[in-house]
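Here is a report on the fold of one protein chain. It covers the helix packing, the cores and a few residues in loops and strands.

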Amino acid sequence: MATVPIREIAPPPVLTQHLLLSVVEQMKLPLMSIARRAEFGGLPGGHTDLSEIRVTADAAVQLLDNYILGVQLASQEASLMQTEPVAISSVLHNAGQRLQPIAKSYGVELDMHIDGKYGPVMAHRRGLEAAIVSLGYALVEALPAQDAPQLKLHLSAHRCRYGIVAGIYCDTEQITTDALRVGRQLYGRARQPVINVSHTSGAGIFVADAILHAMQSQLTTSRYRRLYGLGAVLPLNPQLQLV
């Protein structure tokens with residue numbers, strides 16, 4: 001049976017210079033990787049794998065795009081937010097497709113599991129997909145550095161008393177309520193605000209947090225099938241709840 005996610009009491013994330021600094025810090029990694037590969041390719045006998053450079057660059061661009069989307073959503077009035085009935089399976093499938101190249105480059109396997117059948121959730125489709133993808137980038141980078149039993153991420157959705165929980169799960173026990181709370185306090189101020197989870201700035205986590213908050217939702221830690229994860233609780237379409 002699915003575990004009800006932990007509902008956290010946290011101040012709303014803000015799209016200020018703290019999040020921007022976190023994203024900028026995160027951008028150093030792909031830029032350094034691209035620079036080193038290009039430098040190695042220029043050496044006698046060196047070879048540059050252009051496909052790996054492309055994957056790294058695409059991941060960085062998508063994170064920046066998701067940050068920009070979060071800024072745009074946060075600037076909209078809540079009454080103007082274009083929520084619509086969204087099939088969560090479609091969102092998770094698209095997010096998985098976008099994450100596949102970077103996951104493959106890190107040796108991380110992706111799978112998707114939808115626990116049961118239910119109607120659409122109410123969400124901003126682009127925002128929800130961007131939040132899932134941003135989380136995925138952060139966890140894909142973090143997983144190889146963790147003492148995890150397997151390099152595998154699960155894009156999953158299941159029902160709880162509040163609606164449908166959609167998120168990304170793994171075997172990493174370090175994904176806890178305390179780690180997320182401390183990370184929210186330190187992001188933009190520390191280079192590794194979620195140090196127990198990620199050796200990077202974890203910008204994808206906080207971009208997702210900001211996007212979900214703009215959608216009148218919230219990033220939360222969750223337990224599901226003995227796995228640990230991050231995700232959001234989404235309301236069912238009220239017109240279909242009695243179907």
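Helices (H or I, at least four residues) and strands (E, at least two) are taken as DSSP runs and numbered from the N terminus. With that numbering, Arg225 falls in the loop between strand 6 and strand 7 (227–234). The model is a predicted one.

## Overall make-up

The chain has six helices and seven strands. Their order from the N terminus is α-α-β-α-β-β-α-β-β-α-α-β-β. The chain holds 243 residues, and 48% of them are buried. Among contacts between residues at least 6 apart in sequence, 75% join residues at least 24 apart.

## Helix packing

| Helix pair | Axes come within | Crossing angle, roughly |
|---|---|---|
| Helix 2 and helix 3 | 10 Å | 135 degrees |
| Helix 3 and helix 4 | 9 Å | 35 degrees |
| Helix 2 and helix 6 | 9 Å | 25 degrees |

Take helix 2 (residues 50–74) and helix 3 (residues 88–105), with axes that cross at roughly 135 degrees. That angle makes helix 2 oblique to helix 3. The crossing is left-handed. On the helix 2 side, the contact uses Val55, Ala59, Gln62 and Asn66. Helix 3 answers with Arg98, Pro101, Ile102 and Ser105. By class, this contact has four nonpolar residues, three polar and one charged.

Helix 3 also packs against helix 4, and here the crossing is right-handed. From helix 3, the contact residues include Ile88, Val91, Leu92, Ala95, Leu99 and Ile102. From helix 4, they include Leu128, Ile132, Val133, Tyr137 and Val140. The contact has twelve nonpolar, three polar and three charged residues. Arg98 of helix 3 is among the residues that meet helix 4, and Arg98 also takes part in the contact with helix 2. Ile102 is likewise listed in the contact with helix 4 and in the one with helix 2.

Helix 2 passes helix 6 in a left-handed crossing. Leu63, Asn66, Tyr67, Gly70, Leu73 and Ala74 supply the helix 2 side. Ala203, Gly204, Val207, Ile211 and Ala214 supply the helix 6 side. The contact has eight nonpolar and three polar residues, and no charged ones. Asn66 meets helix 6, and Asn66 meets helix 3 too.

## Nonpolar cores

Which residues touch the most other members of the largest nonpolar core? They are Leu19, Ile88, Leu128, Leu153, Ile168 and Ile205, out of 62 residues in that core. Helix 4 (residues 125–142) gives the most to this core, with ten residues.

Ile205 reaches well along the sequence. Setting aside neighbours within four places, Ile205 is in contact with Ser134, Leu135, Ala138, Leu180, Val194, Leu219 and Leu230. There is also a second, separate core of six residues, which includes Cys160, Val165, Tyr224 and Leu227.

Thr221 sits in strand 6 (residues 219–224). Buried or exposed? Thr221 counts as buried, at 2% relative accessibility. Gly231 is ten residues from Thr221 along the chain, and their C-alpha atoms are separated by 6.5 Å.

Two loop residues stand out by backbone angle. Most residues other than glycine have a negative phi. Gln216 has a positive phi, near 65 degrees. Gln216 lies in the loop between helix 6 (203–214) and strand 6, and is exposed, with a relative accessible area of 59%. Arg225 also has a positive phi, near 50 degrees.

## Tyr106

Tyr106 is found in the loop between helix 3 and strand 2 (109–114). At 33% relative accessibility, Tyr106 counts as partly exposed. Beyond neighbours within four places in sequence, Tyr106 is in contact with Val140, Glu141, Pro144 and Leu151. Tyr106 and Pro144 are 38 residues apart in sequence, yet 7.2 Å apart in space, C-alpha to C-alpha.

Terms used: Residues numbered from 1 in each chain as written. Predicted model: local features only at pLDDT ≥ 70, side-chain atom pairs only at ≥ 80, totals over all residues. Heavy atoms only, no water. Axes fitted to C-alpha atoms, helices over the stretch in contact; angles between N-to-C directions. Parallel < 35°, antiparallel > 145°, perpendicular 65-115°, else oblique. Left-handed = near helix turned anticlockwise from the far one by under 90°. Contact = heavy atoms within 4.5 Å. Nonpolar A, V, L, I, M, F, W, Y, C, P; charged D, E, K, R; others polar. Core = buried A, V, L, I, M, F, W, Y, C linked by side-chain atoms within 4.5 Å. Buried < 20%, exposed > 50% of the residue type's maximum accessible area, 1.4 Å probe, protein only.
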